[in-house]
Amino acid sequence: MTAVPFRRTLRFRLLAGITVTTVSVLCVTQLLLYLLIRRQMVAEFDASLAARARSLAVLTEQTGDVIDMKFREHPMQEFARSIRPEYYQVTHESGDILARSRQLRNAELPELNGCLVLPMIRSVMLPDGRRGRAAGIRFCPRVDGETLDVPVGELDRGDDQADLDTVDFSERAFVTLVVARGTEDLDSSLARIRSLLIGSGLLAAVLIPGVLSWLTWRHMKPLKSLAEQIDSVGAAGLHRRFELPDAPGELEPVVLRLNELMGELEEAFRREKEFSSDAAHELRTPLAGMRATLEFSLIRPRSQEAYRRSIRTCLRIVQDTESVISTLLALARIDSGREAVEPGMVDVTALIERLLCRFSERIRERRLNVREDVPAGLTVVTDGTKLGVVLSNLLDNATCYADVGGHVTVCAKMNDDRLVITAANSGCTLSERQMVRVFDRFWRADTSRSATGSNSGLGLALSQRIIQLLGGTITAICDEGNFVVTIVIPAEWVDADENECGLEGHVSERTDAGRENGAASAGERSAEPAVGACG
Amino acid sequence: MRILVVEDYAPVRTAVAESLRECGHAVDDTDNGQDGVWYAVNNDYDVIILDLMLPGLSGMDVLKRVQESGSQARVLMLTARDAVEDRVAGLNAGADDYLIKPFAMEELHARVDVLLRRRYNRRSSVIEVGDLKIDTSTQTVTRSGIEVPLTKREYALLVFLASRAGEVVSRSEIWDHVYDFTSDAHSNVVDVYIRYLRKKLEQKPGWTRLIHTRRGFGYILNAEKSVE
């Protein structure tokens, strides 16, 4: 088998297509998943930071001019610890820093002016160099005793405005509270998730092609096996049939049809071979006869009578061979589509009469009973020459193969626009298997070629081709010892009465046509291999 | 020598049979397999020329039956089919040689000669018995270098005797191998021809007796002197 580059194989295409698609979809899905998780985690982080900021804001009060940050008295552990501390910073609107967590030392956090409900949150760089997030709220600290009656999360701008209206802001100061927290926990969680996703993605990218490769190899195996089997078939291996024991459903009809085709091919090759062999035999045998006869004559001087005898033998051989060749040529002409149909008026009754007359000597010699069932003056429009050749072959066979003292029947009739002619003879001993082959070229029930030239086994083959050319059908059956050939051809029936009464010219024309047909038939004698040659 | 020709195509059969008869062989011929088997089984042929395609019984079937009958005949097959498988099938079936139609008559004769030599275990076309020399390719007989002209029948008889030189050959054996069904012969025809042969082969002074009579058994061709 010619090696096909792997890149051009169906397997590679499937593999590449599925792998690229799957890995791409997987990558995009993983990326989206990661972004979703990150967003969610950052949102949770921010929510917790915002909550911290709000809780500190609640603990910030104004007493007179003094901003009192109650959380400073009991600093939370998160702000106080030295390792990964959180930071806060409270700035007055004037810009003075009112308070800051101790761990902040001199560093400052950026001023983030969010509101209580929506603290402003940003990523920042913490003073100790860590990455972090900071949430800032700008608010008026509660005056001592005042309740912050706006529950967090339910406050909208309208209400806020309403509250602000009731407060005397002339003495109230605005402060900005910023709380910052390192994001290392968040970052490391995200990094873990990221590595997990990337790891699983890479694993999939390696596993998917591997598994796919195995799967495609496994499921493409029947296809590969079929291709190998087809590749190994040559003209000599046409008897082989394809076998795919584990063929998938889609391949079953393919294999079935392929095997049918192989069968047909094998049969066609066999027939072709047999035909060539038969044709060679058919031409070699008369040549052998001629050569042997001539060489024998020339071995030594002979009498004039001996020479005449040899020459007569050779002449007969030449005539017989010529007849075989003419029939073969006629077949070849029809096969190649060069033979045209030339319709004309044909008096079928007269044609059959004439042909029976031609075989009368044989009919007498073999004591045959001939029954003719043909309506008088049956005239149709068809190709008379070709019909003549067919009928001549049929009657020749019938009179030749009927048993001595048996009977031959010829029937002709019109059936709608079809001419039906049946030629039958008694004494048929052909088996069912032999009947199938009666139309094969050179086929004879008897394998010998004793009658080379006459009954060369081409008559029925030629008849079949001619009838097909005329658009009709020919069938042969062996019915209770009777060999029956029926031909049906489309033919326009010509009313004989009309011809005779109305147009005398037609009558003479028909006669002429008949004569012409006769002449043509005689001219085509070579195409009638069997004529007068048997018996 | 006795040859059977089984060939259904009359021009070939007639020419082959006639030409072999002209060479002095006793030839029977038939155009169908059944008769071919009958002839082959009931007569002691030296060579059978058999067409592969015969009406009634195919050449292969004839070959099989002839072999089953234990015939000593060598078989030359004639066939118009030149496909290798046809030839191989014929040879495998037991044919000794084959010839594809059309063939040269000369070649057929040469092949028949080869088969006859093989039949009598001879290697050369020249048979030598003492100073007697028979060249079967040219059909000439010499004794001590002097050519002895013989008729076809005499020649055929001599070749048969020479082929079995040193063996006693009965009259019926001579009859079987030298005469065919077309021969019009009477009971003592063999003796008559033996006499003719002796006359021609032992005529010159110094030519010793070649054909010896074994009374009650037949004849023996032998260069050595023997008591009659």
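Reply: Happy to! One term comes up throughout: two residues are in contact if their C-beta atoms, placed from the backbone, lie within 7 Å. Keep in mind that this is a predicted model.

Setting aside neighbours within four places in sequence, Leu158(B) is in contact with Ile134(B), Val141(B), Leu150(B) and Leu197(B). Leu158(B) also belongs to the largest nonpolar core, which has 67 residues. Along with Ile3(B), Val47(B) and Ile48(B), Leu158(B) touches the most other members of that core. The biggest contribution to this core comes from helix α6 of chain B (residues 152-163), which supplies eight residues. There is also a second, separate core of 45 residues, and Leu328(A), Val346(A), Leu368(A) and Cys428(A) are among its members. As a general point, nonpolar side chains tend to be buried together in soluble globular proteins.

Now for the chain around Leu158(B). Chain B has eight helices and 11 strands, and 40% of its 228 residues count as buried. Of the contacts in chain B between residues at least 6 apart in sequence, 58% join residues at least 24 apart.

Finally, chain B also touches chain A. That contact takes 23 residues from chain B and 22 residues from chain A. On the chain B side, helix α1 (residues 10-22) gives the most, with seven residues. By class, this side of chain B has 14 nonpolar, two polar and seven charged residues.

How values were computed: Residues numbered from 1 in each chain as written. Chains lettered and ligands numbered in written order. Predicted model: local features only at pLDDT ≥ 70, side-chain atom pairs only at ≥ 80, totals over all residues. Helix = DSSP H or I, 4+ residues; strand = E, 2+ residues; numbered from the N terminus. Buried ≥ 20, exposed ≤ 12 C-beta atoms within 10 Å, placed from the backbone. Nonpolar A, V, L, I, M, F, W, Y, C, P; charged D, E, K, R; others polar. Core = buried A, V, L, I, M, F, W, Y, C linked by C-beta atoms within 7 Å.
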